[in-house]
Amino acid sequence: MKVLNDIFLKELQLSSLGFITIKDVVLTNDLKIAKIYISSIDSKFSNRDIVKYFIKNKKLIRGFLGKKIKSKNVPDLRFFYDNTNDIAENIDKLFNEIKKK
């Protein structure tokens, strides 16, 4: 996860997407697929557009990753939006509404 974070910070121009964070990386047992869960704060783009950006740049990201890790194979990268923050905000709003009543 740290290697991907470094790539996101140093190699990709993500400032236009807002503040992007990697929430989790899950590797399959055979290390061939990496599921990367991302989230954003203060983005003017939809969650779907953010994921599309990463899918579009997957080949570039894999290239940077291949240079940084010591592995025979670079896993296929699959990007997913982690909406945990959005759900937590909605729950907070509901609790606040209940407190007002």
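A pocket is an open set of points on a 1 Å grid over the protein atoms alone, where a 1.4 Å probe fits, with protein on both sides within 12 Å along at least five of seven lines; lining residues have an atom within 4 Å of a point.

Before you click, know that this is a predicted model, where local features need pLDDT of at least 70 and side-chain atom pairs count only at pLDDT 80 or more, while totals for chains, interfaces and linings use all residues. Residues are numbered from 1 along each chain as its sequence is written, and side-chain values use heavy atoms, leaving out hydrogens and water.

**Stop one.** Select Asn 5, Phe 8, Leu 9, Leu 12, Leu 14, Ser 15, Gly 18, Phe 19, Ile 20 and Thr 21: they line the second largest pocket.

**Stop two.** Now pick Val 25, Leu 27, Leu 65, Ile 69 and Pro 75, which lie nearest the centre of the largest pocket, out of 13 lining residues. Its volume is about 230 Å³.

**Stop three.** Jump to Ile 98, in helix α4 (residues 84-100); a helix here is a DSSP run of H or I, at least four residues, numbered from the N terminus. Is Ile 98 buried or exposed? Ile 98 counts as exposed because its relative accessibility is 59%, and exposed means over 50% (1.4 Å probe, protein chains only).

Notes
Points joined across faces, edges and corners; volume = space filled by probe spheres on them. Helix = DSSP H or I, 4+ residues; strand = E, 2+ residues; numbered from the N terminus. Buried < 20%, exposed > 50% of the residue type's maximum accessible area, 1.4 Å probe, protein only.
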